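Here is a friendly briefing to read alongside the model. Please keep the viewer open as you go through the topics below.

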Amino acid sequence: MKKLLYQFDTDALPSVFDNVVAYDGGADQVIPYGEVTPQNVGGLVEGAIFTRAPKDKRNTAIFVGGSNLLAGEMLYQAVQKKFFGNFRVSMMLDSNGANTTAAACVAWLSHGRSLQGMKAVILAGTGPVGQRAAGMLSREGASVSITGRQLDKTQATCDAVERRFGVKVHAIAAPDLDARTAAVQEAQIILATGASGVVLLEESHWKHLPNLKLVADANATPPMGIKGIDIMDKGAQRHGALAFGAIGFGALKLALHRACVARLFVQNDLQLDANEIYAIAKTMVG
Ligand SMILES: NC(=O)c1ccc[n+]([C@@H]2O[C@H](COP(=O)([O-])OP(=O)(O)OC[C@H]3O[C@@H](n4cnc5c(N)ncnc54)[C@H](OP(=O)(O)O)[C@@H]3O)[C@@H](O)[C@H]2O)c1
């Protein structure tokens with residue numbers, strides 16, 4: 001029986017990245033739909049849950065993606081609401097790669113060490129990757145702050161992370177390089193999750209920080225978000241800290257994404273969101 005993955009994307013153009021990785025994760029056929037919303041997803045879900053016998057339902061799965069994490073979360077919940085009894089299929093949420101990217105990065109940061117009590121600053125953490133990383137770092141016991149250029153947007157992001165993960169996250173308004181430099185002075189962990197190609201910190205701004213233990217940058221498009229990290233870094237020593245670049249932990253991100261897709265076809269009731277995907281990442285890191 002063919003393994004069918006229904007790719008529900010909240011954007012008009014479904015992600016090619018997610019489509020390719022779904023095939024590489026073991027789907028026989030990936031069927032992309034764009035502009036999927038909680039309002040129009042009902043019939044699509046019914047088609048997925050009513051068509052195969054109970055023992056065969058594990059061969060149908062749903063992937064929720066798109067560039068907007070909030071829209072993805074709402075769509076994911078709308079799909080869940082359509083399930084009842086054994087009329088369900090496995091599903092995964094990874095809007096903008098937020099879960100798999102953050103999970104891969106935080107799994108590397110916590111690999112072989114405890115983050116309990118460490119001060120973490122997520123630069124430009126208001127996007128999908130930063131929000132998920134904030135939840136995962138907090139659940140590892142770190143004290144997490146998120147910076148953003150506007151306080152109201154940054155505070156709203158922290159509130160959303162707190163609601164989602166049940167953790168406390170601090171908002172810091174940091175509209176420019178000077179403010180971001182001030183924000184990281186006490187940090188033991190710095191993670192940059194800014195938009196592609198945006199420089200958030202110069203090397204001179206972090207290379208003398210006395211407490212810094214871990215520094216990571218999710219941006220894979222030059223220039224680096226944190227200057228002085230190499231994109232390939234995977235635990236390289238940089239100014240007394242261990243550094244991780246976007247491609248350095250990106251290999252785990254891709255392997256994780258594929259492994260999650262593969263798991264969707266093992267059973268028909270798996271739900272893979274941030275916590276589950278992070279737990280899988282921790283078994284794969286190293
Ligand atoms: N390594 C991997 O495998 C992988 C996978 C997926 C994504 N990524 C990368 O991970 C990073 C984060 O992804 P994302 O989707 O969460 O990012 P995003 O939503 O595009 O951007 C994150 C934040 O960057 C800030 N920002 C935008 N322009 C800025 C500017 N000119 N100056 C300062 N800050 C600015 C914004 O925050 P404020 O408006 O609040 O300031 C925004 O919320 C991206 O670089 C992405 O390419 C890497």
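Angles between axes under 35 degrees count as roughly parallel, over 145 as roughly antiparallel, 65 to 115 as roughly perpendicular and the rest as oblique. This is a predicted model, in which local features need pLDDT of at least 70 and side-chain atom pairs count only at pLDDT 80 or more, while totals for chains, interfaces and linings use all residues. Residues are numbered from 1 along each chain as its sequence is written. Helices (H or I, at least four residues) and strands (E, at least two) are DSSP runs, numbered from the N terminus.

**Helix H4 against helix H9**

- H4 (residues 98-110) packs on H9 at an angle of about 125 degrees, and their axes are 8 Å apart; axes here are lines fitted to C-alpha atoms, for helices over the stretch in contact, with angles running from 0 to 180 degrees between N-to-C directions.
- The two helices, H4 and H9, are therefore oblique to each other.
- H4 and H9 cross in a right-handed way; a crossing is right-handed if the near helix is turned clockwise from the far one by less than a right angle, and left-handed if anticlockwise.
- On the H4 side, the residues that meet H9 are Thr100, Thr101, Ala103, Ala104, Cys105, Ala107 and Trp108, and their partners in H9 are Phe249, Leu252, Lys253, Leu256, His257 and Cys260; two residues are in contact if their C-beta atoms, placed from the backbone, lie within 7 Å.
- Sorted by class, the contact of H4 with H9 has nine nonpolar, three polar and one charged residues; Ala, Val, Leu, Ile, Met, Phe, Trp, Tyr, Cys and Pro count as nonpolar, Asp, Glu, Lys and Arg as charged, and the others, Gly among them, as polar.

**Other partners of H9**

- H10 packs with H9 at an angle of about 120 degrees, their axes being 10 Å apart.
- That angle makes H9 oblique to H10, and H9 passes H10 in a right-handed crossing.
- Leu252, Ala255, Leu256, Ala259 and Cys260 are the H9 residues that meet H10, where Ile277, Ile280, Ala281 and Met284 face them.
- The contact of H9 with H10 divides into nine nonpolar, no polar and no charged residues.
- H1 (residues 16-24) packs with H9 at an angle of about 65 degrees, with 8 Å between their axes, and the crossing of H1 and H9 is right-handed.
- This contact is made by Val21, Ala22 and Asp24 of H1 together with Leu254, His257, Arg258 and Val261 of H9.
- Its classes are four nonpolar, one polar and two charged residues.

**The two domains**

- The domain assignment gives domain 1 (4-97 + 253-284) and domain 2 (101-249); such bounds come from an automatic or database domain assignment.
- The C-alpha centres of domain 1 and domain 2 are 28 Å apart.
- Eleven residues of domain 1 are in contact with eleven residues of domain 2.
- On the side of domain 1 that touches domain 2, the elements giving two or more residues are H9 and helix H10 (274-284), and H10 gives the most, with five residues.
- The residues on that side of domain 1 comprise six nonpolar, three polar and two charged.

**The ligand shell**

- The ligand is surrounded by 25 residues, of which the closest are Gly127, Val129, Gly148, Arg149 and Ala218; a residue is near a molecule if its C-beta atom, placed from the backbone, lies within 6 Å of it.
- Helix H5 (128-139), helix H6 (151-165) and helix H9 (246-264) are the elements that give two or more residues to this shell.
- The shell around the ligand has eight nonpolar, 14 polar and three charged residues.
- Domain 1 and domain 2 both give residues to the shell around the ligand, so the ligand lies between them.

**Backbone details**

- Pro222 and Pro223 are joined by a cis peptide bond, with omega about 0 degrees, and Pro223 is in the loop between strand S9 (214-217) and strand S10 (234-238).
- Glu35, a residue other than glycine, has a positive phi near 55 degrees, and Glu35 is found in the loop between strand S2 (29-33) and helix H2 (42-49).
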